[in-house]
Amino acid sequence: MRLRAFFLNLPHLLILGWLSLLLLSPRPAAAAAGELPEFGFAILKTSRVAVREALLVPGGSLSKEIDSNFSAFLIKHRDEYLLFDTGMGRQIDAQYHADMPRPWRPFFKYEAPVRPARDQLEQVGFFAQHKTISRVILSHSHWDHAGGLLDFPEAKVLVSPAEMGLVRQPTRGPGGSWASQIGSAAIAWEALQFKDQAYKGYTQSLDLFGDGRVVLVPMPGHTPGSIGLFLTVDSGQVYFFIGDVAWTVAAVKAGAPKFWAASALVDAHAEQTQRAVAQLRDLLRQEPGLVLVPAHDSAVQDPLGYFPNWVR
Ligand SMILES: [Zn+2]
């Protein structure tokens with residue numbers, strides 16, 4: 001009889017349990033649209049330029065034009081906001097005038113309007129809400145990635161130890177790290193301390209917060225200190241920001257190097273860059289769910305959406 005009474009009461013017990021859970025448990029995080037993710041990112045597209053598809057995509061058309069983006073990536077880890085690259089900043093016109101020699105200008109340019117990351121953040125009241133950018137991490141120090149550095153004087157600027165050599169000896173031109181952007185004595189540089197800890201096939205890594213959410217890895221070749229950033233967002237999806245190791249995911253999948261003339265100008269070490277691309281292709285085969293995000297690839301970035309849209 002006692003057993004029968006128990007079974008009769010089971011539905012009531014379940015309803016009671018469910019009601020108490022509803023009343024006692026906290027509301028699930030980030031349920032409503034517009035709420036910020038705990039771990040996520042937003043793409044700040046600071047500028048773009050139309051280029052021939054063949055330059056960015058193996059076997060692409062010579063007549064069709066596609067967008068090459070100049071993007072910065074705003075990364076949110078709980079209450080901390082980081083920038084991975086800065087794209088074009090407020091002083092880009094003067095910087096370009098000073099450090100891009102005239103003969104290169106027809107081939108390496110950006111188009112108006114420039115929307116610096118700092119402006120985009122200010123426009124939504126980011127700083128007024130007492131939020132700050134504590135750290136800027138550069139995938140590498142080239143002009144189209146470091147252009148907004150001076151707009152974030154409060155941030156520490158983190159680069160690979162191998163990139164510090166370029167930072168100390170700036171160069172001009174399309175594959176340059178420009179004095180007009182990185183030469184200021186006021187910039188608070190910090191060299192990343194990688195550990196001999198393997199991560200997804202990379203022999204060295206740096207788990208920035210110690211929780212596996214933001215992991216940096218060296219990817220030398222395009223510049224000696226080029227790095228990539230793995231981010232695991234709220235949904236569990238992993239994104240891999242690869243800077244300029246490859247300009248498009250299509251090129252990674254094809255295992256194709258950059259167009260030779262472009263590679264000669266911008267890749268510090270073409271063979272090493274190609275090895276980095278091959279490693280990326282292998283990683284994609286092992287983890288087909290991984291999403292690669294090259295700094296300039298509009299075909300990847302358009303579907304993800306742009307700031308103030310967050311990828312969570
Ligand atoms: Zn570059």
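Which residues does Leu 83 touch, not counting residues up to four places away in sequence? Leu 83 touches Ala 72, Phe 73, Leu 74, Ala 117, Ile 133, Val 136 and Phe 152; two residues are in contact if their C-beta atoms, placed from the backbone, lie within 7 Å.

The structure is a predicted model, in which local features need pLDDT of at least 70, side-chain atom pairs count only at pLDDT 80 or more, and totals for chains, interfaces and linings use all residues. Residues are numbered from 1 along each chain as its sequence is written. The pLDDT is the predictor's confidence in each residue, from 0 to 100. Its mean for the protein is 90, and 89% of the residues reach 70 or more.

In soluble globular proteins, nonpolar side chains tend to be buried together. A nonpolar core is a set of buried Ala, Val, Leu, Ile, Met, Phe, Trp, Tyr and Cys residues joined through C-beta atoms within 7 Å. A residue is buried if 20 or more other C-beta atoms lie within 10 Å of its own, exposed if 12 or fewer, and partly exposed in between. The largest nonpolar core has 62 residues, and those with the most contacts inside it include Leu 83, Phe 41 and Val 136. Strand S1 gives the most to this core, with five residues. Apart from it lies another core of five residues, among them Phe 70 and Tyr 96.

Strand S1 also belongs to an open sheet of six strands, with the order S1-S2-S3-S4-S5-S6 and mixed pairing. Strands (E, at least two residues) and helices (H or I, at least four) are DSSP runs, numbered from the N terminus, and two strands pair if DSSP finds at least two bridges between them. The edge strands, S1 (39-52) and S6 (188-191), each pair on one side only. Strand S5 (residues 156-159) pairs with S6 in the parallel sense over four bridges; Lys 156 has Ala 188 in S6 as its bridge partner.

Finally, Ala 270 lies in helix H10 (residues 270-286). Ala 270 counts as partly exposed because it has 16 C-beta neighbours inside 10 Å. Not counting residues up to four places away in sequence, Ala 270 touches Pro 257 and Ser 263. The C-alpha atoms of Ala 270 and His 222 are separated by 7.1 Å, although these residues are 48 residues apart along the chain.
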